[in-house]
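Colleague: I would like to learn how to read a protein model feature by feature. Please take me through one.
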Amino acid sequence: MNPLLSRLQPYPFERLRQLHAGVTPPAKLRPISLGIGEPRHATPAFIKQALSESLGGLASYPATLGEPALREAMVAWVQRRYGLQLDAARQVLPVNGSREALFALAQTVIDPRRPATVVSPNPFYQIYEGAALLAGAELHYAPSDPRLNFGIDWAAVPQAVWERTQLLFVCSPGNPTGAVMGLDEWQLLFELSDRYGFVIASDECYSEIYFREEPPLGGLEAAAKLGRSDFKRLVALTSLSKRSNVPGLRSGFVAGDADILKAFLLYRTYHGSAMSPVVQAASRVAWDDEDHVVENRQLYRDKFAQVTPLLAGVMDVRLPDAGFYLWAGVPDAFDGSDTAFARELLAQYNVVVLPGSYLAREAPGPDGQPFNPGAGRVRMALVAETAECLEAAQRIVQFIQSKT
Ligand SMILES: Cc1ncc(COP(=O)(O)O)c(C=O)c1O
């Protein structure tokens, strides 16, 4: 067996199952889950139709590079969304969702013959950690800071860490924080990447769900604005899962540094991760259409506008920049325990939320003392219909009021 497998951590939902063991929620209240961040708005009919009309594609093996028409559709979307002209032959590659791509990219860019560190936000999407560990790297966790709108103080990462860093994951808009990175932050990261030679993997799968007028800045967009039009050492990963409500389609793409993508294509050819021709056809029509994305975003905006003020009356929470999560502070009555809050909420009101500490690791903070930056917070995914999310929020309000 690969000994590195034993370094993988249990997935947050496994830990949630353990937390719920022995809890009997009240049967008179229907269960509501704000736990899992899986899009639940309807998949647009035209995407399903394109899928069913392309079943003939099952008769052939797909190329890992994807069909030219798909890459053109991706490049055209990047042009519309970010105003960038990518080379469809060299700067973009289809992937089967950003999850597998995040994992595979780490295996491609990390040189295990040298000491390797991967820098990850903390809290973070757990694939970053698993990808780093299985590539033989060590992790450095950079804490999100509530004083920086949950952004990260990259300048606080020690120089000795950057010297060993081969890969940096960033997530903007962030899961679970919803924080969007600005141009200054990107500029600092590019300077650090130039100085220390690490690759930046920019996870942007929530980029189309946002609450401000201005859409979130993309990594490639930031690079271009700063005159880095070759996207040196930068790869952006994006996905249709949230944008188009197709998490089951498994479709996204990576774009950026042509040299990295060349190596990534080689890796992917051996790994066997070509996208099915059927999925390619459906993906093409999804990238070509923006109307359904605008509608989807509006659904989230309406939902967040109704739910957030209710919860903000009883706990430390506010509208995020983007994404579909509320990242809420647990009220003092629970002594800052996110797990106690989550367990009791299920036991008394049949609502599932995810303890923030399960999404983060304990690691040294600015004062050198270890702390878990997810502790004392819970993540609530507002993915269900508005009425269901509102009912959950009302129950949470009652729950908190009953304690104070
Ligand atoms: C931050 C983040 N990145 C990547 C993914 C993976 O999404 P997909 O593989 O569906 O593109 C998720 C899914 O929840 C996520 O939250």
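**Cores, sheet and salt bridges**

Modeller: Start with the largest nonpolar core, which has 50 residues, L34, L311, M315, F341, V353, M380 and I396 having the most contacts inside it. A nonpolar core is a set of buried Ala, Val, Leu, Ile, Met, Phe, Trp, Tyr and Cys residues joined through side-chain atoms within 4.5 Å. Buried means under 20% relative accessible area, exposed over 50%, and partly exposed in between (1.4 Å probe, protein chains only). This is a predicted model, where local features need pLDDT of at least 70 and side-chain atom pairs pLDDT 80 or more, while totals for chains, interfaces and linings use all residues. Residues are numbered from 1 along each chain as its sequence is written, and side-chain values use heavy atoms, without hydrogens and water.

Colleague: Which helix gives the most to this core?

Modeller: Helix 14 does, with eight residues. Helices (H or I, at least four residues) and strands (E, at least two) are DSSP runs, numbered from the N terminus.

Colleague: How do I read a sheet?

Modeller: Strands of a sheet pair through backbone hydrogen bonds, either parallel or antiparallel. Two strands count as paired if DSSP finds at least two bridges between them. Here an open sheet of eight strands runs in the order 2-9-8-7-6-3-4-5, with mixed pairing. Its edge strands, each pairing on one side only, are strand 2 (92-95) and strand 5 (151-152). Strand 2 pairs with strand 9 (residues 252-256) in the antiparallel sense, over four bridges. P94 has F253 of strand 9 as its bridge partner.

Colleague: And how do I read a salt bridge?

Modeller: Side chains of opposite charge can pair when their charged atoms come close. The cut-off is a side-chain nitrogen of Lys or Arg within 4 Å of a carboxyl oxygen of Asp or Glu. The structure holds 21 salt bridges. In one of them, the side chains of E391 and R30 meet at 2.9 Å, N to O. E391 lies in helix 14 and R30 in the loop between helix 1 and strand 1 (32-33), so this pair ties together parts 361 residues apart in sequence.

Colleague: Is R81 buried or exposed?

Modeller: R81 counts as buried because its relative accessibility is 14%. R81 sits in helix 3 (residues 68-82) and forms a salt bridge with E208, the closest N and O atoms being 2.9 Å apart. E208 is buried as well.
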